[in-house]
Amino acid sequence: MTTRGVLYVHSAPRAMCPHVEWAVGSVLGVRVGLDWIRQPAAPGTWRSEFSWQGKVGTASKLASALRGWDMLRFEVTAEPCPTAEGERYSSTPALGIFHAVTGMHGDILVPEDRLRAALARSVRGESDLEAEVSKLLGKPWDDELEPFRYAGEGAPVRWLHQVV
């Protein structure tokens, strides 16, 4: 079964761009040439978007190939398909990687055991429930990546497929 998704490289130093292309190509098994544009949110860095199609699990392989690279901000999404839910990976140098399962409408699906654990930590006074839920939904990653998501004038527009 195949799925499709998008890799968003929100910011990468110029010297890292060919390495990103090589890593993505290694996962997909084809030579990849990304269209890079300047990232105005972080002068001296570049951004790119790449639509991909592959086997279920490709999003996790792409995220694994790119995780831990200093100064690289990215997101990988995979659409749901008949045999698997969708996925979203977000990564920043400061926060590391975030993974969420997404439903057919793009909503983040939080497993009940993770909700129970968050509630238990809150009840024991180890953390605040609102902060726990915020992390489960990836809000810290969204907050850090939001300035990078808008690439400025001339950025490509990516139309999402309509879900009915």
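Twelve salt bridges turn up in this structure, where a salt bridge is a side-chain nitrogen of Lys or Arg within 4 Å of a carboxyl oxygen of Asp or Glu. This is a predicted model, in which local features need pLDDT of at least 70, side-chain atom pairs count only at pLDDT 80 or more, and totals for chains, interfaces and linings use all residues. Residues are numbered from 1 along each chain as its sequence is written, and side-chain values use heavy atoms, with hydrogens and water left out.

**Overall fold**

- The protein chain holds five helices and seven strands; helices (H or I, at least four residues) and strands (E, at least two) are DSSP runs, numbered from the N terminus.
- Read from the N terminus, the order of elements is β-α-β-β-α-β-β-β-β-α-α-α.
- With a radius of gyration of 17 Å, close to the 15 Å given by the globule rule for 164 residues, the protein chain is as compact as a globular protein of that length. The radius is taken over C-alpha atoms, and the rule is 2.2 Å times the number of residues to the power 0.38.
- Of the 164 residues, 38% are buried; buried means under 20% relative accessible area, exposed over 50%, and partly exposed in between (1.4 Å probe, protein chains only).
- Among contacts (heavy atoms within 4.5 Å) between residues at least 6 apart in sequence, 62% join residues at least 24 apart.

**Salt bridge Asp-142 to Arg-88**

- The closest N and O atoms of Asp-142 and Arg-88 are 2.5 Å apart.
- This pair links distant parts of the chain, with Asp-142 in helix α5 (residues 139-149) and Arg-88 in strand β5 (residues 86-92), 54 residues apart.
- Asp-142 is partly exposed at 22% relative accessibility, while Arg-88 is buried at 13%.

**Salt bridge Arg-121 to Glu-132**

- Here the closest N and O atoms, from Arg-121 and Glu-132, lie 2.7 Å apart.
- Arg-121 sits in helix α3 (residues 112-123) and Glu-132 in helix α4 (residues 129-136), so the bridge ties together parts eleven residues apart in sequence.
- Glu-132 is buried at 6% relative accessibility, whereas Arg-121 is partly exposed at 29%.

- Arg-149 and Glu-146 bring their closest N and O atoms to 2.8 Å.
- Both partners are partly exposed, Arg-149 at 25% and Glu-146 at 46% relative accessibility.
- The two residues are three apart in helix α5, so about one helical turn separates Arg-149 from Glu-146.
- Through shared partners, salt bridges join Glu-75, Arg-88, Asp-142, Glu-146 and Arg-149 into one network.
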